[in-house]
Amino acid sequence: MTKFRKLNRPTGHRMSMLRTMVSQLVKHERIETTVAKAKEIRREADKMVQLGKDGSLCAVRRAAAFVRGDDVMHKLFTELAYRYK
């Protein structure tokens, strides 16, 4: 099992915060946060970029289950997938 930071939050709040922050990172391509949160967000954002690069239907559904917003999904699977391929 991999280690992760709990960030002094209950599980539901922590996951909601990470989902929102990753979505905002993809949308604006830059956010301002603490170092500990940034390290956790980086892990999840890397996973989302990998799914965007894959581009399969399964990857789209897995990313849609995590990120919030149709504009974020579109950017993830078009602009960012092309940029990091």
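**Entry 1: glutamate 40**

I looked up glutamate 40 and found it in helix α2. The model I am reading is a predicted one. Leaving out residues up to four places away in sequence, I listed the contacts of glutamate 40 as Phe4, Arg5 and Leu18.

**Entry 2: the salt bridge to arginine 5**

I noted as background that side chains of opposite charge can pair when their charged atoms come close. Which residue forms a salt bridge with glutamate 40? I found arginine 5, with the closest N and O atoms 2.9 Å apart. Glutamate 40 belongs to helix α2 and arginine 5 to the segment before α1, so this pair ties together parts of the chain that are 35 residues apart in sequence. Arginine 5 counts as partly exposed, at 35% relative accessibility, whereas glutamate 40 is buried. I also recorded a network of salt bridges that links Arg5, Glu40 and Arg43.

**Entry 3: arginine 14**

I turned to arginine 14, which is found in helix α1. This residue is buried, yet I could record no salt bridge for it. How far away is the nearest side chain of opposite charge? That side chain is glutamate 40, and the distance is 6.9 Å. A salt bridge requires the nitrogen to lie within 4 Å of the carboxyl oxygen, so glutamate 40 at 6.9 Å does not qualify as a partner of arginine 14. Setting aside neighbours within four places in sequence, I found arginine 14 in contact with Phe4, Arg5, Lys6, Leu7 and Arg9.

I noted lysine 75 as buried, at 14% relative accessibility, and glutamate 29 as partly exposed, at 38%.

Arginine 83 also forms a salt bridge with glutamate 29, the closest N and O atoms being 3.1 Å apart. Arginine 83 lies in helix α4 and glutamate 29 in the loop between α1 and α2, so the pair ties together parts 54 residues apart in sequence. I recorded arginine 83 as partly exposed, at 44% relative accessibility.

**Entry 4: helices α2 and α4**

Two packed helices are described by the angle between their axes and the distance between the axes. At what angle do the axes of α2 (residues 35-54) and α4 (residues 70-84) cross? I read roughly 95 degrees, with the axes coming within 8 Å. The two helices are therefore roughly perpendicular to each other. On the α2 side I listed Met48, Val49, Leu51, Gly52 and Lys53, which meet Leu76, Phe77, Ala81 and Tyr84 in α4. I sorted the residues of this contact into seven nonpolar, one polar and one charged.

**Entry 5: alanine 59**

I looked up alanine 59 in helix α3 (residues 57-64). Its relative accessible area is 2%, so I recorded alanine 59 as buried. Not counting residues up to four places away in sequence, alanine 59 touches Leu51, Asp54 and Phe77. Alanine 59 and methionine 48 are eleven residues apart in sequence, and their C-alpha atoms are 8.8 Å apart in space.

Terms used:
Residues numbered from 1 in each chain as written. Predicted model: local features only at pLDDT ≥ 70, side-chain atom pairs only at ≥ 80, totals over all residues. Heavy atoms only, no water. Axes fitted to C-alpha atoms, helices over the stretch in contact; angles between N-to-C directions. Helix = DSSP H or I, 4+ residues; strand = E, 2+ residues; numbered from the N terminus. Parallel < 35°, antiparallel > 145°, perpendicular 65-115°, else oblique. Contact = heavy atoms within 4.5 Å. Nonpolar A, V, L, I, M, F, W, Y, C, P; charged D, E, K, R; others polar. Buried < 20%, exposed > 50% of the residue type's maximum accessible area, 1.4 Å probe, protein only. Lys, Arg positive; Asp, Glu negative; His and termini not counted.
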